[in-house]
Structures are given as C-alpha cells and as structure tokens.
Amino acid sequence: MTAPDPPSAVASYVSTVILLYIELPETPLSASIQDHCQARRLQERDIPLRTVESALLLATLRRMVRPADLPPLPPIRSLAYFLPVVDELLTHPMPDNYLEYLQIKLRRLARVDPSPGESSKNNASG
C-alpha cells in the first residue's frame, strides 16, 4: 500500500487540471465545485497529469475539426465531459511525443481557424 500524497501535491495536481481545463476553447471561465471534485477524483485514481492534459487536448481538437456541415456542439460545461477520453487514453496510451503534437496542433488551429462560438477569453489569450 502506498502512502497518500501530501495535501500540497493534491492541491497542485487539482489546480493544474483546473487551469488546463479553463484555458481550453468553449469551456467555462471558471471551474465549478464539481469540476474541482472531478479533478480530485482523477488525482485519487493516480491518472498522470500528462494523460489528463492529452485527453483535454484530444477531445478539444476532435470538436474543432468536426465537419462544418454538422450542427455546432454546445459549449463544454463540465470537466466530466473529458472523462471518456481519459479512459480511452488509459486503455490505448499515446506515443511519448503525442502530447507535444496535440499542443502544437491546438495552437495552430486556434490561431488559424477560431470556432464561431469561441469566447473572448480564448481570443484574448492568442
């Protein structure tokens, strides 16, 4: 049995997940209590931050590259939206350098083709 993480490590993990989440396009400007609880559950499951960040980026990119003729998706309202992709990545891990690829891809897409429903938080963070 492993020792529990110190409170500072838990708080750091949760705040990192929340920051990654609210900086994404089409997410709320601030996280809810439920989002914080969900981030804590990810930490309790020992999900690596790299996996969480990859899931957030992958799900966001999938939304951004949907065919234009499909109806627009509603904004993301909860960190729970990303849980299926977290589980997908736990089952089928990505190559080591894929997170960096996703980061570059999202920056390029956000710069070149911002989505019509994108909030001002994302336009300002350019």
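Contact here means heavy atoms within 4.5 Å. With that in hand, the views below walk through a predicted model.

Figure 1. The protein comes to six helices and zero strands, and from the N terminus on the elements simply run α-α-α-α-α-α. Of its 126 residues, 37% count as buried. If you take the contacts with a separation of 6 or more, residues 24 or more positions apart account for 78% of them.

**Figure 2. A close-up of the largest nonpolar core.** This core has 31 residues. Those with the most contacts inside it are V17, L42, V52, L56, L79 and F82. Two or more residues each come from α1 (7-22), α2 (33-44), α3 (49-64), α4 (83-91) and α5 (98-112). The top contributor is α1, which puts in eight residues. Zoom in on V52 and you find it touching Y13, V17, L42 and I47, once residues up to four places away in sequence are set aside. Two of those partners, V17 and L42, are also on the list of residues with the most contacts inside the core.

**Figure 3. α1 against α2, an oblique pair.** The axes of these two helices sit 9 Å apart, and the packing angle is about 125 degrees. Angles from 65 to 115 degrees would count as roughly perpendicular and those over 145 as roughly antiparallel, so α1 and α2 end up oblique to each other. Their crossing is right-handed. On the α1 side the contact uses V10, Y13, V14, V17, I18 and Y21, and on the α2 side D35, H36, A39, R40, L42 and Q43. Sorted by class, the residues of this contact are eight nonpolar, two polar and two charged.

**Figure 4. α1 alongside α3.** Here the angle is about 15 degrees, with the axes 10 Å apart. Because angles under 35 degrees count as roughly parallel, that makes α1 roughly parallel to α3. This crossing, too, is right-handed. From α1 come Y13, T16, V17, L20 and Y21, and they meet L49, V52, E53 and L56 of α3. The tally for this contact is seven nonpolar, one polar and one charged.

**Figure 5. α3 meets α4.** The two axes come within 8 Å and cross at roughly 120 degrees, and α3 and α4 are therefore oblique to each other. The handedness of the crossing is right-handed. T51, S54, A55, L58, A59 and R62 are the α3 residues involved, and they face V85, V86, E88, L89 and L90 in α4.

**Figure 6. R63, a buried arginine.** R63 is found in helix α3. Its relative accessible area is 14%, and buried means under 20%, so R63 counts as buried. Leaving out neighbours within four places in sequence, R63 is in contact with E26, L73, P74, P75, I76 and Y81.

**Figure 7. D5, ahead of α1.** D5 is placed in the segment before α1. Its relative accessibility is 40%, so D5 counts as partly exposed. Apart from residues up to four places away in sequence, D5 touches V10 and Q43. Both V10 of α1 and Q43 of α2 also take part in the contact between those two helices. D5 and E44 are 39 residues apart in sequence, yet their C-alpha atoms are 9.0 Å apart in space.

Figure 8. E26 is not a glycine, and it has a positive phi of about 65 degrees. D46 is not a glycine either, and its phi is positive at about 60 degrees. D46 is found in the loop between α2 and α3. With a relative accessible area of 60%, D46 is exposed.

Key
Residues numbered from 1 in each chain as written. Predicted model: local features only at pLDDT ≥ 70, side-chain atom pairs only at ≥ 80, totals over all residues. Heavy atoms only, no water. Core = buried A, V, L, I, M, F, W, Y, C linked by side-chain atoms within 4.5 Å. Buried < 20%, exposed > 50% of the residue type's maximum accessible area, 1.4 Å probe, protein only. Helix = DSSP H or I, 4+ residues; strand = E, 2+ residues; numbered from the N terminus. Axes fitted to C-alpha atoms, helices over the stretch in contact; angles between N-to-C directions. Left-handed = near helix turned anticlockwise from the far one by under 90°. Nonpolar A, V, L, I, M, F, W, Y, C, P; charged D, E, K, R; others polar.
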